[in-house]
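Subject: Structure handover and findings

Dear colleague,

I am handing over the structure below, and I would be glad if you could read the notes that follow alongside it.

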Amino acid sequence: MTILVTGGAGYIGSHTCVELLNAGYDVVVVDNYYNSVPEVLNRVETITGKSLKKYECDIRNREGLEKIFAENKIDAVIHFAGLKAVGESSRLPLLYYENNISGSVVLFEVMEKFSCKKIVFSSSATVYGNNPIPYQETMTTGDVSNPYGRTKHFIEQILGDVYTADNEWSISLLRYFNPIGAHESGLIGEDPNGIPNNLMPYIARVAIGRLPQLTVFGGDYDTKDGTCIRDYIHVVDLAKAHLCAVDKVLNGTGIEAYNIGNGVGYSVLDIIHAFEKASGKKLNYVIGGRRAGDLPAFYADATKANTELGWKAEYGIDKMCEDTWNFQTKNPEGIK
Ligand code: NAD
Ligand code: UD1
């Protein structure tokens, strides 16, 4: 079986390629390296001892995608390719709509042309907006406060319409909570360009000395210690969820959404303390003002992924922090 992985050189994509290769799938990656480097895929090959097929191509490039489908018999697609910086999406909404939505539509059209109707899509817990916690798949979605989140919601809706029009499609919408951590080899991990927006890469860069101080965004929320609560999930657990979802889409038809989280909420201070324990370093941080758009607390009810996909997260925050630190110390300047 051959799986096309869009955005396969990225953070979650690269870890998923490792799991796919280890499980015996043939893997074809398409990435334009907008937010990644080709070396990541060499490292995936080093970790697994197996090779994958790589195409440098933008998913908005219809001819390029058609060539990939013509040259390979693709059985299913895992679609990671997209832009993901929330703040940037508010400044550059058209870039996000163009890249994420137009890119997805071109991909779905090419899939249809080549009669490949099986897809796992990277969605986000952000589609739930302000709902009661824990989030469940049956809750209404779409009350989203930024263009990035809206692209995820719209693509979910588009795939819903695609399935309604043609019941031969088989679609899994994976709603990720907060992926952190790295492969335990330390060869691949999260390596954002510029100053990180997200908590864990920011912490790691403060700990390694590349950034002077972490600002905790808000210490006055109505939570156990005043800081925001999130559902952090080890990226390897998340990658394994894709294996379960691929198996599901290969063996049936339909469209389903799944929460992919631990089902446990940790505060920002919990993460800081776990990271200090894992790294043996005292982290320089201050409590600052709230970040616009942040919700006080959310976490997953991941029961559906367990019952229908047979998936469950295995790793806790200590392992997430240990693996992040291992990756950071082995790649202090990131992956070149
Ligand atoms: P990432 O930026 O590390 O990976 C995305 C990859 O897609 C990159 O390698 C990038 O170069 C590539 N890409 C982007 N636009 C492309 C295009 N037009 N054509 C070809 N390649 C393109 O991000 P990630 O953290 O691995 O996230 C993967 C997916 O999961 C994204 O769709 C993201 O929105 C979604 N997601 C991520 C998180 C998270 O916290 N990391 C949470 C929820 C959902
Ligand atoms: C963010 C996005 C979300 C996206 C997800 C994964 C926002 C508002 N939400 O989620 O749409 O799906 O990333 O890409 O950006 N924090 C600090 N200091 C920092 C950075 C973060 O205190 O320097 C706090 C945040 O306030 C939050 C927690 O750490 O409480 C996690 O933040 P982050 O990693 O950015 O993830 P989310 O905000 O949950």
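Predicted model: local features only at pLDDT ≥ 70, side-chain atom pairs only at ≥ 80, totals over all residues.

For the make-up of the ligand shells discussed here, Ala, Val, Leu, Ile, Met, Phe, Trp, Tyr, Cys and Pro count as nonpolar, Asp, Glu, Lys and Arg as charged, and the others, Gly among them, as polar.

Among the polar contacts, a polar side-chain atom of Arg-230 lies 2.6 Å from an oxygen atom of ligand 2, a polar backbone atom of Phe-217 is 2.8 Å from an oxygen atom of the ligand, and a polar side-chain atom of Asn-198 lies 3.0 Å from an oxygen atom of ligand 2. Taken alone, ligand 2 exposes 740 Å², and the protein buries 89% of that. Arg-291 is partly exposed, with a relative accessible area of 37%, whereas Asp-294 is buried, at 19%.

Ligand 1 has 27 residues around it, and Ile-12, Asp-31, Asn-35, Ser-36 and Lys-84 come nearest. Its shell divides into 12 nonpolar, 10 polar and five charged residues. The contacts to ligand 1 include an oxygen atom of the ligand at 2.8 Å from a polar backbone atom of Phe-80, a polar side-chain atom of Asn-32 at 3.2 Å from a nitrogen atom of the ligand, and a backbone N or O atom of Gly-10 at 3.3 Å from an oxygen atom of the ligand. On its own, ligand 1 exposes 820 Å², of which the protein buries 95%. The elements that give two or more residues to this shell are α1 (11-22), β5 (118-124) and α6 (147-165), and the largest share, three residues, comes from β5.

Helix α6 also holds Leu-159, which counts as buried because its relative accessibility is 0%. The C-alpha atoms of Leu-159 and Ile-119 are 9.5 Å apart in space, although the two residues are 40 apart in sequence.

Turning to the salt bridges, the count comes to 22. One of them joins the side chains of Lys-117 and Asp-166 at 2.7 Å, N to O, and this pair links distant parts of the chain, with Lys-117 in the loop between α5 (93-113) and β5 and Asp-166 in the loop between α6 and β6 (170-176), 49 residues apart. Both partners count as buried, Lys-117 at 15% relative accessibility and Asp-166 at 17%. Another salt bridge brings together the side chains of Lys-304 and Glu-256 at 2.6 Å, N to O; Lys-304 lies in helix α10 (residues 303-309) and Glu-256 in strand β11 (residues 254-260), so this pair ties together parts that are 48 residues apart in sequence. Here Lys-304 is buried, at 18%, while Glu-256 is partly exposed, at 31%.

Lastly, Tyr-34, Leu-92 and Leu-95 form a nonpolar patch on the surface, with about 270 Å² of accessible area together. Tyr-34 lies in the loop between β2 (26-31) and α2 (39-48), and counts as partly exposed at 48% relative accessibility.

With best wishes

Notes: Residues numbered from 1 in each chain as written. Chains lettered and ligands numbered in written order. Heavy atoms only, no water. Near = heavy atom within 4 Å. Polar contact = N/O pair within 3.5 Å; in protein donor to acceptor, adjacent residues only side chain to side chain. Areas by Shrake-Rupley, 256 points an atom, 1.4 Å probe, with all protein chains shown as cover. Helix = DSSP H or I, 4+ residues; strand = E, 2+ residues; numbered from the N terminus. Patch = residues over 30% accessible without salt bridge, like charges linked within 9 Å, V, L, I, M, F, W, Y side chains within 5 Å. Salt bridge = Lys/Arg side-chain N within 4 Å of Asp/Glu carboxyl O. Buried < 20%, exposed > 50% of the residue type's maximum accessible area, 1.4 Å probe, protein only.
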